[in-house]
Amino acid sequence: LLAVCGFQKSFRLSVTFPARDEAADVERTLKSFMAIADEIVIGVDYRSKDNTAEVAARYADKVFTITDPLGPPGEEVDNPNGVHFSHIRNRCIEQCTGNWIFMTEAHESLKPESIDYCLGLDDVPKHVGVLCVVRTGANSQWLFPWVFWNDPRIRFRNPVHNVLAYPEKEIMGADWPQVFTHHFRDHGNAT
C-alpha cells in the first residue's frame, strides 16, 4: 500500500459479510472495497442456490461456508428459511485477522468518496473502537456501526435485528459521517 498510496498505515482492515444468493450483487460490492481491504472474508450460507461463492472467490482472500445459519444450539431462529443475523455476522468476524473490521452486506457497496477516510483509520482517536458509517439507499440514510476493532468483546447480538454490543465503559463509539455505503439489492435474484 505504501508504494501505491504514498503513505504507511499501522493497521490492517478486514472487510467481511455473510451472503446467500447474492451473485447478482456481490461482485459490485467486493470491487468497491478492494482499495481499502487488507483482507476480504466472505461467509456463504450453505443454502445458497446461485454461484455467490464462486464470484466471491475471485475477490476474497477467504470464502467459507456458514453451515449453521439458523443460529447456535438453543438460539436457532424458528423460520427454516430465515437466518440468525447476529450469528452469521459473528461467524464472519471470527475469521478476520485485521485490527479493524468493516462489516457490510453482499449488496452494500462502499461509495468511492469514502476510500481516503477508510485508509485514515490511524487518525481515529485511540479510545474509539466502533464507528457508525452512513448507509444510503431507497432515498434514505441512517447510521450503522459497521466498522469496529477486532476485539472478542465486540459482537453482534439479537437474531433478528443487527445490534452491535460492546462494553461502552471501555470502548467508545463514534459517528463517521464521511464514510458512506450504498444499500441496494437486486431483488429479482433474492431468495
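Predicted model: local features only at pLDDT ≥ 70, side-chain atom pairs only at ≥ 80, totals over all residues.
How do the residues of the lining of the largest pocket divide into nonpolar, polar and charged? I get nine nonpolar, seven polar and seven charged. My classes: Ala, Val, Leu, Ile, Met, Phe, Trp, Tyr, Cys and Pro are nonpolar, Asp, Glu, Lys and Arg charged, and the others, Gly among them, polar.

Numbering runs from 1 along each chain as its sequence is written, and side-chain values use heavy atoms, with hydrogens and water left out.

Pocket. I looked up the volume of the largest one and found about 480 Å³. A pocket here is an open set of points on a 1 Å grid over the protein atoms alone, where a 1.4 Å probe fits, with protein on both sides within 12 Å along at least five of seven lines; lining residues have an atom within 4 Å of a point. The volume is the space filled by probe spheres set on the points, joined across faces, edges and corners. Of its 23 lining residues, Glu22, Val83, Phe85, His107 and Arg185 sit closest to the centre. Helix H4 (85-94) gives the largest share, three residues; strands E1 (13-19) and E2 (39-45) also give two or more. Helices (H or I, at least four residues) and strands (E, at least two) are DSSP runs, numbered from the N terminus.

Backbone. Asp21, in the loop between E1 and helix H2 (23-33), has a positive phi near 50°.
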